[in-house]
Protein chains: 2
Amino acid sequence: MTRYKLILEYDGTDTVGWQTQADGVSVQSLLQDAIFQFCKERVEVVAAGRTDAGVHALAMTAHFDLEKEAEPETVMAAVNFHLNSAPPFAEASGGRPVSVLACKRVDENFHARFGCRMRRYKYVILNRRAPVVLDKNRVWWVPRPLDIDAMRAAAVRLVGEHDWTSFRAAECQGKSPIKTLDEIKIISGAFQSPDNCALRDFRDDTIIFEFSARSFLHHQVRNMVGTLVEIGLGKPYDIDEIFTAKNRAAAGPTAPASGLYFVGAEY
Amino acid sequence: MTRYKLILEYDGTDTVGWQTQADGVSVQSLLQDAIFQFCKERVEVVAAGRTDAGVHALAMTAHFDLEKEAEPETVMAAVNFHLNSAPPFAEASGGRPVSVLACKRVDENFHARFGCRMRRYKYVILNRRAPVVLDKNRVWWVPRPLDIDAMRAAAVRLVGEHDWTSFRAAECQGKSPIKTLDEIKIISGAFQSPDNCALRDFRDDTIIFEFSARSFLHHQVRNMVGTLVEIGLGKPYDIDEIFTAKNRAAAGPTAPASGLYFVGAEY
């Protein structure tokens, strides 16, 4: 038995999310099917984060075990090949929504989900009057101006250990609502230098939220962003009051999945 | 008569390019139709650059004239509204490929094409083994490693006044093949800092070419990039010999449209 660690990029737009479900295409099932095509073994691929439908990953960590031994290079090439030939995402129909960026052998003690010490997400907002074009399905378009300073002041109060009941989905299966948010960063207007940014330079219309925590509850990031945007629009939300209420209705709406990215996992 | 200047973002993927043609959807015709919907005037929209099918724009400058007077704010909102309701790009089918970022009244002497003193393009390559996912239709995927230093050394020799016969398309209608390329920059590995880049941080797999000139010949940028990539892959192309040959066959292949962006026009 050999355990492999994968780093994955994926576009969640046309998927039901990470987790395999009765209907629809999941990132997990696409990978498991590609691995089966490669080596005829039915494996379970375990990820650091089980992202929702529409949520993307820049570098998701996952692991799985193979009975047969294969070089990590071969595994990566074969899985990418089979991902690409699987309907409905064959090259002809626009290409695959998942790509293996890296693969290596790991110790059998490595566990992508339970061993993860820190997870990082980012959320990207396009804040301009003009509708989205090049960033379709990659951002949340907020056409009204946002008060960044007000959002920053509120964000500071989200950091730390809290009861997140007001920020988690009703269907959240997390055992405890008590979690620690280690860091929030809000970055804006940093896209002016052609030396630094590729597709996005000459644009000061993007706002990025970065979140780091050991773990997150269901919809926690999107509910934090939805609340911060309400504050940025001038609504009288108070973060401390929202925590105290322990009621989902006390916080703002859930931000759309399209702007959310799983950025990385640390072990 | 009032002249309006527009700044446009567009996704060239599903268009025949800027210029209206017998078949297919052009950026120009989408705009002209949206303007007609708004004010029932049939206008010609003139752009700084007539980009090909599949080529994108981050900030294309264009102009047109209206008999009726309307506030630039109103023009922008109305054109964006009608762009969005035009088949086959209505919101339900995934959204419009063109967006008006800015609109203002200009002097009747302003001409988006003939008044342009400097045009800037960029070309984005994703240089990694793993196939493209999030940047589908936004980059050229080159899976083999590129020698950046070799490309930089060759790029320097493209700058200046030359006879570009070897780098222009057979069907190019430019009167003279003599043009001056003012600047090329090659940027790579600049995506490591989360403070600087949104979607692309933690990625050192992107190479950006930036080009500035008063004007470019047909396919000139894509032919320069195609040649530089051949050099990056170790092929024995010599820039001076290519210029001397005055023969399109002497240079490398035409790089795909998907990686090319019109970045801006100066007046």
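Tutor: Two strands pair if DSSP finds at least two bridges between them. Strands (E, at least two residues) are DSSP runs, numbered from the N terminus. We are looking at a predicted model, where local features need pLDDT of at least 70, and side-chain atom pairs count only at pLDDT 80 or more. Residues are numbered from 1 along each chain as its sequence is written, and chains are lettered from A.

Student: What makes β5(A) and β6(A) a pair?

Tutor: Two bridges join them in the parallel sense, and the definition asks for at least two, so they pair. Leu126(A) has Trp141(A) in β6(A) as its bridge partner.

Student: Which strand does β5(A) meet over eight bridges?

Tutor: That is β9(A), residues 206-213, and the two run antiparallel. Here Tyr121(A) is partnered by Phe211(A). Another antiparallel neighbour is β10(A), residues 260-266, joined to β5(A) by six bridges; in β10(A), Glu266(A) stands opposite Met118(A).

Student: Why is β5(A) called largely enclosed?

Tutor: Seven of its nine residues are buried, so the rest of the structure largely encloses β5(A). Buried means under 20% relative accessible area (1.4 Å probe, protein chains only).

Student: What does Pro131(A) touch, leaving out residues up to four places away in sequence?

Tutor: Trp141(A), Asn80(B), Arg96(B) and Ser99(B). Contact means heavy atoms within 4.5 Å.

Methods:
Heavy atoms only, no water. Buried < 20%, exposed > 50% of the residue type's maximum accessible area, 1.4 Å probe, protein only. Helix = DSSP H or I, 4+ residues; strand = E, 2+ residues; numbered from the N terminus.
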